[in-house]
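Have the viewer ready and your selection tool at hand. We will go from one stop to the next, with a word on what to look for at each.

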Amino acid sequence: MQNPYQAPPEIKQTTNSVADALPLEEQALRTRRTCLVTWTVILPLNMIVPALMAVNLVSWSGTGGILAAVTILYGLGLWCCVALPGLAVRVLLGGSIVAFSQFSPIIQVFAGVIALELAGIPFDDDYSKPIGPLQSFLITTTVASILLGISLLIGSFLHYVKQQFK
């Protein structure tokens, strides 16, 4: 005897969540929107320790180099969220971990040391001469590149692990 309360076999639940039930275009739009909002939050969170380190090193005119670099970086992040949402999701996932790592800012300090050396400013310098706009732009983009690379590695690893357990 068949259970009268059981759904007919041709009606099956094929989706696991509300997002899965959306059409693909709507899912992609939702992902892009989420990335845009998340990038606007994650970027400033990842700037806390580097900004505190830069305050004592950069001259007033050097602040312009930092603002230019951050503005360009923000714009590139927005573009990535729209054009390459899969990459953006990985960077943002790893970026949230990197932002949390600022409680023990080992990554940020090493990124700053590398950036100072590449800009021609020895780390053990007394910093008597403030850093100008061009050097501060170079330092900011170098630190951001290092932190974004680490974020991408972490995010890609976590995305891979998540796919393995699906």
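Start by selecting Phe 110, which lies in helix 6 (helices are DSSP runs of H or I, at least four residues, numbered from the N terminus). This is a predicted model, where local features need pLDDT of at least 70 and side-chain atom pairs count only at pLDDT 80 or more, while totals for chains, interfaces and linings use all residues. Residues are numbered from 1 along each chain as its sequence is written, and side-chain values use heavy atoms, leaving out hydrogens and water.

Is Phe 110 buried or exposed? Phe 110 is exposed, at 55% relative accessible area (buried is under 20%, exposed over 50%, partly exposed in between, with a 1.4 Å probe and protein chains only).

Next, select Gln 108, Ala 111, Gly 112, Val 113, Ala 115 and Leu 116, the buried residues of helix 6. Their cover includes helix 3 (48-55), helix 5 (85-100) and helix 7 (133-164), judged by contact (heavy atoms within 4.5 Å). Just past helix 6, click on Gly 120, whose phi is positive, about 85°.

Finally, show helix 2 (residues 24-46) with helix 4 (residues 62-83): their axes come within 8 Å and cross at roughly 155° (axes are lines fitted to C-alpha atoms over the stretch in contact, with angles from 0 to 180 degrees between N-to-C directions). Among the residues making this contact are Trp 39 of helix 2 and Tyr 74 of helix 4.

Methods
Helix = DSSP H or I, 4+ residues; strand = E, 2+ residues; numbered from the N terminus.
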